[in-house]
Amino acid sequence: MAELLEVKNLSVSFFTPAGEVQAVRNVSFSLRPGEVLAVVGESGCGKSVLCKSIMKLLPRTARIQSGSIVVNGADITGCRERDMHRLRGKLFSMVFQDPMTALNPTMTLGAQIGEAVRVHQPGLSGGAVRQRVMELMTLVGIDRPEERMKLYPHNFSGGQRQRGVMAIALAGSPSILFADEPTTALDVTIQAQILDLLRDVQARLGTATVFVTHDLGVVARVADRVAVMYAGRIVETGTAEEIFYDPRHPYTWGLLRALPALNRGRDSLYTIPGMPPNLAHPPAGDAFACRNEYALAIDYEEEPPMFRVTDTHYAATWLLDERAPRITPPIGGAHG
Amino acid sequence: MTARKQIIYWGKKALLFVLSVLVLSLAAFYVSRLAPGDPLVSYYGTRVEKMSPAERAWAEERLGLNEPISVQYVRWLARTLQGDFGISYKYKMDVTEVIAGRIGNTLLLGGAGFLLIFALSMLLGVLCAWYEDRPLDRLLCRVGTVSSCIPEFWLSLVFILVFSVTLRWLPSSGAYSVGRGDDWLDRLAHLVLPLSIVVLSHLWYYAYMVRNRILEEVRADYVLLAKAKGLTKRSVMFRHCLRNTIPSYLSIMAISVPHVLGGTYIVETVFSYPGLGTLSYESARYKDYNLLMLLCLMSGALVILCSMAAQIINERIDPRVRPQAPEVTER
């Protein structure tokens, strides 16, 4: 199947008074129609920046330094703002982390969804727009849409607002949906509902989804494929099964070992030692080396390339080099 | 709000207004009478210098100036409440008549100034916000800051020097040339310099506020979603950001009325423009008490009304529809 979205060697930097911060470094990935890709990593590893740079929603201090973004066979890397607004909403759309601030507080929810509908179908009559708004609200599980479309965001709870944001994101029937930690700001009980909704909508509409999260438990529920990010790079990518049952990168091991489900019966949860590096001055070699208990000497000198494990599974760690010592992974290891 | 609550609400506001005006009148009355100067000069002119003490005492008694200030105030208040504001010492006629002859000029200058500031500051603010941090915005910010820092009286003198004395393009004083009071072009020519000073010295302050309020909105999270759904920059700016700034803009402009009025008074004085500003200045300088009091009360009432309007607008901006602080989450 043809690739819907293909990102090649993308690097994005922020230019701050303190200097250049390389938020995304040399990232490549692709997305097929209808597929759910989860992008996993710690806070500040560049997950959100990656999505926003594809949609060109970054502030003016950010710049795409190199690489290309190809959507539906068209290169949009150099697209300017006046062309981007035609693609946004229709080709790709986004659900944001915090539904409390993502809606305009002075406009009714119905008006905000209606606006999204009208942008993509300018000729639609008022009644038809209303009809479509109610359809969308029903789709995302907001009951009694006729009444609720007249309410303001502050009348809704967090979960309901996130449903509203999803209705807006889906208004233009986008081919790709970026979900930027859509459940992080919600109560735990609501998180599951929103996840189920995302999965349900995704299955019904067949929207390809890039799901950004720091929660591996969430990934298992929704993703077909997983990309693990660390310090602005993708360090391991594979199908969900490969990542969960046969992880190869020490960072992925660490993430999986830190899951509460795998720490049952122990007094405290496993944590990865240390802190992520400062991306204003990324360290030489592998950025993860100093937190990696399996680090080799070469990790401190040279960045590892992506080693092929299977056709779908790649990992950037020198442990996969044929000259590396054999070690027993602390986790998984169905084949390893 | 129920009708009862409404009545209480507006009753409180009205009471506050009356009290403020009363306090203002008391302060103005005492300050004007305690300040040094001879009120008899404004009534009798230079003749005062040749008066004997007996004549002076008689004159003071005739004008009611020989009694303690508190008694004078009570008398003045009683008269004022009956609608009698007294006569002007200098013009020897009812103060309301003196003011009626001048108020049109001030309303023209101040009103036109206010409207121009109102419209232009919005325009400039939007322009700067649209081109944020690009050359046009930076230029306007610098020029604006400098222009708003120049004192009005000094700028007025420079304008007079340049446009009236050196270039001889525009008249330097008055509201119209002698005998041409009905000529609108002539009036306009006299209005240009004072009006541009009033506008120039206030414009940037408000434009900058508009610019920053819009930029605050542009940085809000909802703008990302609005963009993500496919809206153009123009739709986001005008339908979302600008719209959300309008309530606070209205309250800012209500507060601006007193500032612009104060500026108008200063500019009138420099340009000898026959309006309430020059009249206030004269009456304060020459102790024309009755005239001064009425001018004070009128300007003061306007200032208090506008501040209250701003307050009411601010109260009406429901705090629940304001952008909320981000909630504390696990990350």
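This is a predicted model: local features need pLDDT of at least 70, side-chain atom pairs count only at pLDDT 80 or more; totals for chains, interfaces and linings use all residues.
Select helix α1(A), residues 47-55: Lys47(A), Ser48(A), Val49(A), Leu50(A), Cys51(A), Lys52(A), Ser53(A), Ile54(A) and Met55(A) are buried. A residue is buried if 20 or more other C-beta atoms, placed from the backbone, lie within 10 Å of its own, exposed if 12 or fewer, and partly exposed in between. Helices are DSSP runs of H or I with at least four residues, strands are E runs of at least two, and both are numbered from the N terminus.

Residues are numbered from 1 along each chain as its sequence is written, and chains are lettered from A and ligands numbered from 1 in the order in which they are written.

Now select the whole of chain A. Chain A has 11 helices and 12 strands. The radius of gyration of chain A, taken over C-alpha atoms, is 21 Å, close to the 20 Å from the globule rule for 336 residues, so chain A is as compact as a globular protein of that length. The rule is 2.2 Å times the number of residues to the power 0.38. Along its principal axes, the C-alpha trace of chain A spans about 70 × 50 × 45 Å. Of the 336 residues, 47% count as buried.

Next, show the contact between chains A and B. Chain A gives 32 residues and chain B gives 25, where contact means C-beta atoms, placed from the backbone, within 7 Å. On the chain A side, the elements giving two or more residues are α2 (81-87), β6 (92-95), α3 (99-102), α4 (109-120) and α7 (158-170). The largest share, four residues, comes from α4(A).

Finally, select α8(B), residues 184-218, and α10(B), residues 233-270. Their axes come within 9 Å and cross at roughly 160°; axes are lines fitted to C-alpha atoms, for helices over the stretch in contact, and angles run from 0 to 180 degrees between N-to-C directions. α8(B) and α10(B) are therefore roughly antiparallel to each other, the term for angles over 145 degrees.

Note on methods: Two residues are in contact if their C-beta atoms, placed from the backbone, lie within 7 Å. Angles under 35 degrees count as roughly parallel, over 145 as roughly antiparallel, 65 to 115 as roughly perpendicular and the rest as oblique.
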